[in-house]
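Subject: Structure for you to look at, with notes

Dear colleague,

Here is the structure I promised to hand over, with the sequence alongside it. My notes follow below, and I would be glad if you read them with the model open.

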Amino acid sequence: MNPRAEKILLPEEVYHAAQSEFLQNSPSYFEEIKSMIISRNDTDLENYVKPIFKHLAKNIGAREDLPVWPLTLFKYSLLVACDINNGIDMRESAFEVLVEYIQSEHQKFLGTWNIHQLNMRSPEENFRALDQAFRAEYLGGTVSGFCDALKDYRKMYEQRKHYGKVIPIVQSSGTGKSRVVAEVGKDHYVLSVCFRDIRNLEYDPNKGWPPHDVSACQFFVEDVHNLNAPNFTPKGEEMAGAFLGALLEVVGEDLPNRKSPEEFSQAWRSEAPYSTLSTLSSRQAHFERIRDLAKRKLLLHAEVLNKNRNLMPAVKEAASPWPVNDPSYREEMIQRVDWYKSVYDTLVKDHAQRIMEHLEKTQASEEKSFILSFDECAELNLTTPHWYPQDKMTLLALRRLLKAGEDHNIWYVLLDTTSEIEHIIPVTGELAASFRRRTGLSPLPPYMYIYSNVMLDRLEETPATPKRTLRLDFLQHFGRPYWCTLPSSEVLVMAQLKLVGKQDFHTTDVNQVLAVFSARLILELGTGQTTTRLAINGVRRHMRVLECVSATGFVNTSVPSEPMLAIAAGALLTNSTPLYKKAIDQLVKEIILKEHVLERGRLGELLARIILMMARDFAIAPSKDNSDRRRFVQEDESGQFVYPVRLDAFLQALLGENLSVDGVAFPHLHQHRQDLLAWAHPQFVNFTHFMQVNETIDDLSPEFLMPSNACPNGSRVDSVSRQASVKYAQETNGT
């Protein structure tokens with residue numbers, strides 16, 4: 001790694017390309033600028049310099065519309081760089097100065113920080129690591145919990161009440177939803193189809209595992225629109241029926257060849273993307289055939305499908321895409337169920353029946369069922385769902401077909417971070433999409449119980465020193481299992497990307513600001529439409545955890561104690577003092593004052609947490625190369641670790657340099673202050689985030705605060721409301 005590239009946080013290839021172009025063009029820049037300086041033509045100089053700045057900003061991934069362009073700095077840098085008569089070429093130094101300035105302005109004026117991915121693994125290395133982690137020994141009780149819940153779903157299901165044998169597993173990213181389904185496949189016949197990043201046929205391992213099934217994605221994105229069938233354009237429900245029928249046909253042919261659910265799962269196991277294999281895997285060959293069969297089914301049954309559309313009432317002009325309050329439209333929607341049934345009977349029924357007959361003969365269990373999972377199912381919304389059938393695929397179209405086939409004992413699992421929340425929760429005050437399908441029908445409640453901290457069992461030894469507990473390769477064992485699939489050198493960057501949901505952290509984005517501070521403070525969301533939308537977005541893109549969903553539309557979410565997210569948030573905030581201030585301002589004005597978060601108690605607990613967090617962060621000494629940057633995470637020969645702060649620096653950041661003691665008015669206190677700071681200087685203090693315990697703390701002892709108890713992961717305990725607290729500081733030597 002080029003030390004200059006690392007210093008200014010640019011990937012080496014980006015730094016090198018931008019630098020090469022700059023060095024090549026700088027002599028011509030110099031000649032033009034020199035003549036303008038001599039003629040004192042500042043207007044022409046400004047017009048000449050701005051495009052150069054914009055181009056350089058573009059080359060390094062910064063914004064091109066920065067409001068301030070330092071002409072003096074640019075003139076000075078280029079004159080020094082290009083005036084090499086003394087035999088010293090300073091152009092590289094000039095390039096570094098300009099790039100550092102652009103990055104600083106990029107953060108300061110726009111409140112933005114770009115998360116650069118340095119030294120990341122290649123896609124091939126990444127997918128191998130993810131695959132290995134996916135197949136490692138499963139830890140936790142989620143699988144048995146889901147199997148127990150499946151029995152309850154079977155008991156509660158009523159055809160006249162529920163909208164299909166569909167179980168949504170809804171939870172934020174990295175909590176192990178896909179792995180749960182894979183593990184269930186060891187004892188039940190299960191197949192999962194993945195639509196992750198459906199429009200992009202190239203697999204990006206940073207977007208998760210398992211990889212998408214390319215053939216399945218191509219069918220819905222490309223094939224259904226290129227059938228060349230005269231007078232026939234398939235509706236979304238017919239697309240879903242063709243794919244489902246083809247899938248169940250291939251499964252029905254394969255099942256007799258498998259002696260057990262586990263053998264079936266192995267034959268259909270997810271493999272590496274096409275680009276990394278010389279031949280197709282068994283799974284990929286199956287899906288290639290499914291894709292071909294699905295296209296042929298649409299062509300073969302085009303005439304029948306067209307004829308059956310007569311069962312569907314003619315589409316009327318509607319003032320609203322969901323005219324739920326109009327009785328005539330409600331009647332139409334009920335009549336259209338006959339059409340859904342006809343599509344299912346034409347394309348799917350026989351193949352589903354074949355699977356059921358096989359299971360009846362071979363399964364000893366009374367619960368003879370097949371489980372079909374659609375992973376990243378929201379990707380099937382290739383257009384906005386509507387009350388009438390459309391010419392593009394939607395998740396709603398699939399669900400209509402699944403309801404039509406409820407007579408067969410096939411259970412469907414929809415995996416996603418948010419898809420089902422948006423379809424079952426009436427956040428707009430109107431009926432949600434699931435309730436618009438047919439009068440009186442409601443979806444089954446989502447399954448959302450995912451265990452965390454399950455990777456602690458893989459810790460080889462208990463940390464022997466306080467510093468060991470601050471290392472990322474220790475802390476990544478806490479929280480969701482995803483962190484342990486990453487090397488410790490990459491886990492911080494990936495945690496930042498997962499937390500803010502994109503490459504850039506924008507302080508103007510309320511969802512990102514809420515995510516960053518929720519990871520460190522205890523921010524409990526309130527109620528209301530806007531707040532519910534924040535909660536849903538938090539689960540979808542910002543790692544918030546879904547706790548419960550009520551039939552009335554109440555969504556309860558939380559951010560449990562998870563050190564990697566807290567560290568990611570701390571590292572983002574301390575990268576830039578101006579950015580930190582803008583983020584705090586946004587938190588107060590747009591989130592707290594607008595009452596999106598609840599303030600438990602009346603003693604100013606939330607404000608106290610904010611003050612303590614900021615004091616801890618600003619107790620970090622500024623970087624030598626940038627006074628606006630503080631390094632929350634540092635690195636030595638053993639790896640990355642959270643940098644603890646000296647107790648005297650923390651007290652001064654909290655109370656002021658003089659600890660709020662007026663040494664002139666109260667000279668007798670001056671010596672006490674000096675003695676306190678002298679005692680505190682060799683002591684270290686660290687906390688990355690706050691956590692709340694629900695029980696009363698009777699004894700805040702050192703044993704309570706040890707890793708196996710209340711503070712296992714760098715958190716600070718916040719007691720229950722209105723409980724008197726005694727703060728305990730553990731003395732360490734920082735090693």
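In which sense do β3 and β4 pair, and over how many bridges? The two strands pair in the parallel sense, over 5 bridges, and within that pairing Ser 192 has Ser 373 in β4 as its bridge partner. Please keep in mind throughout that this is a predicted model.

To give the overall picture, the protein has 26 helices and 18 strands, and 53% of its 735 residues are buried. Among the contacts between residues at least 6 apart in sequence, 73% join residues at least 24 apart.

The sheet

The pairing of β3 with β4 belongs to an open sheet of 4 strands, which has the order β2-β5-β4-β3 and parallel pairing. The edges are taken by β2 (166–170) and β3 (190–194), each of which has a single partner strand, so one side of each is left without a neighbour in the sheet. From one strand to the next, the twist averages 20°. Although β3 is an edge strand, 4 of its 5 residues are buried, so it is largely enclosed by the rest of the structure.

Strand β4 (residues 370–375) also pairs in the parallel sense with strand β5 (residues 410–416), over 6 bridges, and here Phe 374 stands opposite Leu 414 in β5. Leaving out residues up to four places away in sequence, Leu 372 touches Leu 191, Val 193, Leu 244, Leu 247, Leu 248, Trp 411, Tyr 412 and Val 413. Leu 372 and Val 181 are 191 residues apart in sequence, yet their C-alpha atoms are 9.5 Å apart in space.

The nonpolar cores

Which residues touch the most other members of the largest nonpolar core? That core has 69 residues, and the ones with the most contacts to other members are Leu 472, Trp 483, Phe 505, Phe 517, Ile 567 and Phe 650. A second, separate core of 61 residues includes Val 166, Leu 191, Trp 268 and Leu 372. As general background, nonpolar side chains in soluble globular proteins tend to be buried together.

Returning to Phe 517, and leaving aside its neighbours within four places in sequence, this residue is in contact with Leu 523, Leu 573, Ala 583, Ile 584, Leu 587 and Met 613.

Helix pairs

Helix α23 (residues 577–592) and helix α24 (residues 605–618) pack at an angle of about 175°, with their axes 13 Å apart, which makes α23 roughly antiparallel to α24.

A second pair is formed by helix α25 (residues 647–655) and helix α26 (residues 667–680), whose axes are 7 Å apart and which pack at an angle of about 130°; that makes α25 oblique to α26. The contact is made by Leu 647, Asp 648, Leu 651 and Gln 652 of α25 together with Leu 676, Leu 677, Trp 679 and Ala 680 of α26.

Not counting residues up to four places away in sequence, Asp 254 touches Phe 264, Ala 267, Trp 268 and His 286.

With best wishes

How values were computed
Residues numbered from 1 in each chain as written. Predicted model: local features only at pLDDT ≥ 70, side-chain atom pairs only at ≥ 80, totals over all residues. Heavy atoms only, no water. Pairing = 2+ DSSP bridges. Axes fitted to C-alpha atoms, helices over the stretch in contact; angles between N-to-C directions. Contact = heavy atoms within 4.5 Å. Core = buried A, V, L, I, M, F, W, Y, C linked by side-chain atoms within 4.5 Å. Buried < 20%, exposed > 50% of the residue type's maximum accessible area, 1.4 Å probe, protein only. Parallel < 35°, antiparallel > 145°, perpendicular 65-115°, else oblique.
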